[in-house]
Amino acid sequence: MTSQTRTHPALLVPSAAPDLVLATSRPVPQDFVLGVATAAYQIEGARHEGGRTDSIWDTFSHTPGAVVGGDTGDVACEHYHRYEADVELMRSLGMQSYRFSTSWDRICPDGGPVNARGLDFYERLVDSLLAAGIAPWLTLYHWDLPQALEDRGGWTSRETVDRFVDYALAVHDRLGDRVRTWTTLNEPFCSAFLGYTAGMHAPGRTSPADGLAAAHHLLLAHGRVVQQLRARDADLELGLTLNFTVADPLDPSDPRDVDAARRVDGQMNRIFLDPVFRGSYPADLLDDVRHLGFEDHVHDGDLEVIATPIDVLGVNYYNGEAIGHEPPAAALDDSVNGGRTTRSPFPAADDAHRHPRGLPLTAMDWEIQPDGLTRLLVRLQTEYAGPAGVALHVTENGAAFADVPDDRGFVDDRDRTAYVRAHLGAVLDAVDAGVPVRGYFYWSLLDNFEWAWGYAKRFGIVRVDYDTQVRTPKASALDYARIIATRRLPTPWAELTEGGPDPDPAGERRR
Ligand code: FCB
């Protein structure tokens, strides 16, 4: 297939050209890995091709009112057919690693026997990445549970754990010789609590008890797969990705705000961290959710399995929050429900409310708070990863903004460029503070299907024209490519605020 990528002159970034190094920049450690992330349902399309059957996200996105604009992942970015050009695009930008997910529904349609054609696709993708010198980072579950398994209880059923192990081993049978880093789950908080408690994500249930059951079974599935893959190959790098908040009490002197922030931290962060790193659920969390029957799902031996040692913790960070016990006068609203019934994702934190702090916002109404990432990494290292000898990687961080393309489709996204620089700087601050963070993946390579927001929110450093599928690197992609090539990180707004629009600083210098 001919590449439909528009190559911008600035993509011809030479490696470490001294004239590209800005005075207001800091070094990026040579061994720090820079890459991008995506997920299967958000980019692949090809809904029923190659033997794939429906996931809960196919069902959900085809439910009237569930997704903004009635958008679905049926076509998405057509990555299933355009993966070669997408890999070439990453190579041209200098990406060192690519974090992607495999689709359970392609590989084990309906959660059942293995479909070789599904594995063929990922084998081609991995081989292309390796040929391009890009390290594959594979995630087994980025939310696309086979609908047939949901019909039998989904993540509230222990049987789903067994099916996940079957699927994971099938992927490893095919790709175990070529992929070194394997993460089981992406953001089990979202799978469990946005999906089964808040009703905002597939499968759209609104039950606190179901969310808790799902959380435990997801963790058990993680632990079982780590055990099995470790037994097969001691050299694999194994782990999972969690999404975190940094929950600060609105008024640290008000015990009610302190308690509300504790609940949010417990039900979003520690509910996953403690069992994985310490082999137990936090006592305060168990007290908070006791009335919901959580412990009935926790069988003897489960926690030992969940605490099977891992090698890597993927950290997804978008923002922290100020938590008060009363609602704010004007709330930040990033919820989306298309008129459906939704509720808080937290099973037992009804008196916890997010308060705006006057920080700049992304198009998701998410506050931009890079220092929260530094604090998060220091905390994770001190309390969890450090004592366990587990490496930290930022596996997602990024921003949606209201991109405005010019007549060539180019987006001069200075806000996103500054966002990436500021957050990479926050990671390097953590490194300087002694936290051995090993890498950073921007979310996302491409504009894509942003779950309940459909195509309305664009996170990519590469613009996708959904009518033509043309990909056009944005200014942020060119800036990120320069950071990778030069191993120098400019300060957030360097070169972006003065003078007129200059979307192509590197290219200008070359002419
Ligand atoms: C994360 C998801 C990812 C994407 C970003 C914006 O929660 O893992 O798929 O939607 O948010």
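Two strands count as paired when DSSP finds at least two bridges between them. With that in hand, here is a tour of some close-ups of this predicted model.

View 1. Helix α14, residues 414-432, lies across β11 and β12, and its direction makes an angle of about 165° with β12.

**View 2. Eight strands close into a barrel**. From one strand to the next, the twist averages 25°.

**View 3. Helix α10 has a kink centred on R270**. Were this helix of 24 residues straight, it would span 34 Å at 1.5 Å a residue. Instead, α10 (residues 255-278) spans only 27 Å between its end C-alpha atoms. The kink at R270 is about 55°. Most of α10 is covered, with 18 of its 24 residues buried. Just after the helix comes G279, whose phi is positive at about 70°.

**View 4. A cis peptide bond leads from A202 to P203**. Omega here is near 5°. To find the spot, follow the chain into the loop between α8 (188-196) and α9 (208-232), where P203 lies.

**View 5. W443 and S444 are also joined by a cis peptide bond**. In this case omega is about 15°.

**View 6. E78 takes a positive phi without being a glycine**. The value is about 50°. E78 is found in the loop between α2 (56-61) and α3 (79-93). Why is E78 counted as partly exposed? It has 18 C-beta neighbours inside 10 Å, and a residue is called buried at 20 or more and exposed at 12 or fewer.

**View 7. D365 is a non-glycine residue with a positive phi**. Its phi is about 65°. D365 is found in the loop between β10 (353-355) and α13 (370-388). Because D365 has 14 C-beta neighbours inside 10 Å, this residue counts as partly exposed.

Technical notes:
Residues numbered from 1 in each chain as written. Predicted model: local features only at pLDDT ≥ 70, side-chain atom pairs only at ≥ 80, totals over all residues. Helix = DSSP H or I, 4+ residues; strand = E, 2+ residues; numbered from the N terminus. Axes fitted to C-alpha atoms, helices over the stretch in contact; angles between N-to-C directions. Contact = placed C-beta atoms within 7 Å. Expected span 1.5 Å × (residues − 1). Bend = angle between axes of the 7 residues up to and from the residue.
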